[in-house]
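Here are a few exercises to work through with the model open. Try each task before you read its solution.

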Amino acid sequence: MSIPQSGGGPIERHEQLAEYLADGCKPKSDWRIGTEHEKFGYCKDTHKPLPFDGQRSIRAVLEGLRDRYGWAEVREGGHLIGLEKDGANVSLEPGGALELSGAPLETIHQTCDEVNEHLREVKDIADEIGVGFIGLGAAPIWTHDQMPLMPKGRYKLMNAYMDKVGTTGTTMMRRTCTVQVNLDFGSEADMVQKMRVAIALQPVATALFANSPFFEGKPNGMKSYRSWVWQHLDPARTGMVPFVFDQGFGFEAWVEYMLDVPMYFVYRDGQYIDALGQSFRDFLKGELPALPGEKPTLSDWADHLTTAFPEARLKKFIEMRGADGGPWRRLCALPAFWVGLTYDQGALDAAWDLVKGWDTETREAWRLGAARDGLQAEVGGRRMNDLAVQVLEIARSGLKARARPGLGGMVQDERHFLHALEDSVETGMTPADELLEQYNGDWNGDLDRIYEAFAY
């Protein structure tokens, strides 16, 4: 999850809220790709989740990365809770999952190199202390009580609030993992088109990356249990944000949405101040109960923007949030999928043509079907697998048009990063389907086998 923002003066005009978002507009030559991926750590001998402290722990992994690979510390309340280097960050999810928030990079070749280097560094440290990491959308066996809450003020506040507004918030915090990609926009009109395509086609990404069919030691009836969890979390800050498709949608409409999202906190002097359920509109008037008489800064606004969790999220860039965490090939495939669809205008137009006739109910049906049935989902007589074939064809065309070579020119573009997804639509099998096949076959119902088979 996001780290606290810093800088930015006081908010003196309402227009500054939309202007903050508009400041993200960049010429196409400056568009970058930022990939984030989370993974569960566990003790190799017991398959239990890592504690925060101890010889085999999250802290030990962070200290190893710091000491051996030159990462700088990020601390909160005296605790080592993250690392930073060269525009990238290593951070902790609430239940201890380790996240790399990658640097903004020009090509998917660079993104994949970054992923490789990070996983190599982590494995180097982890092997020495008897720790493993695994890429899945949900913890397959661990219970809520087995998952420690990391010592971050933001997480303590969220943990206390989640069960008041939904049924699965603490499950999301402790026992789910994702891979995301952050992408740029060139103008308000470009942002609008990209957000509409992102929301409409997010269920296709959910289906292709579905990788969480187990929970608490048994099949859970979903292909993406992580997606199902998000559907039952907090309707005030999640979902398919249908207003994105309204005529006139733009930066100001997103501002109005965010002003209606209840607050979590205000960050002051290294401390998270409880503002749970309070209104940023009141904050703008100097009437926030948590800080009476005080008005927000732009960094407060930036923090608040991180507390909504729709399927695609707008900040100074767009976050694609629909995919389960997974194996290495899919960490590179997700940015390829979305870059192919959105960074070439011809591909973006084709993607919009594919979805512009859908109504709110159709988009929501695809979302629900993707979580439950993956590529076998069906809406209005149309199969998800067939839709995914069309979408991948568009993504391939976009990557071909981008023509970003790799390996010193030996690879002409980025299309090969889609191969893992093309294999899925050819077989009709998501990673979740493959896991279930092994569970019901060679593993003979022994879910502990997942750690050996799917560790990084």
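**Exercise 1.** Work out how the reach of helix H6 compares with the expected span, then find where H6 bends.

*Solution.* Start with the limits: H6 runs over residues 188–208, 21 residues in total, where a helix is a DSSP run of H or I with at least four residues, numbered from the N terminus. Next, the bend: about 45 degrees at Leu 201, with Pro 203 following within four residues. That angle lies between axes fitted to the seven residues ending there and the seven starting there. Finally, the cover: 19 of the 21 residues in H6 are buried (under 20% relative accessible area, 1.4 Å probe, protein chains only; exposed is over 50%, partly exposed in between).

This is a predicted model, so local features need pLDDT of at least 70 and side-chain atom pairs 80 or more, while totals for chains, interfaces and linings use all residues. Residues count from 1 along each chain as its sequence is written, and side-chain values use heavy atoms, without hydrogens or water.

**Exercise 2.** Which residue does Asp 124 pair with in a salt bridge, and is Asp 124 buried or partly exposed?

*Solution.* First, apply the rule: a Lys or Arg side-chain nitrogen within 4 Å of an Asp or Glu carboxyl oxygen. Arg 68 is the partner, at 3.5 Å between the closest N and O atoms. Then place the two: Asp 124 sits in H3 (residues 108–129) and Arg 68 in H2 (residues 58–69), 56 residues apart. Lastly, Asp 124 is partly exposed at 32%, and Arg 68 is too, at 40%.

Conventions:
Expected span 1.5 Å × (residues − 1).
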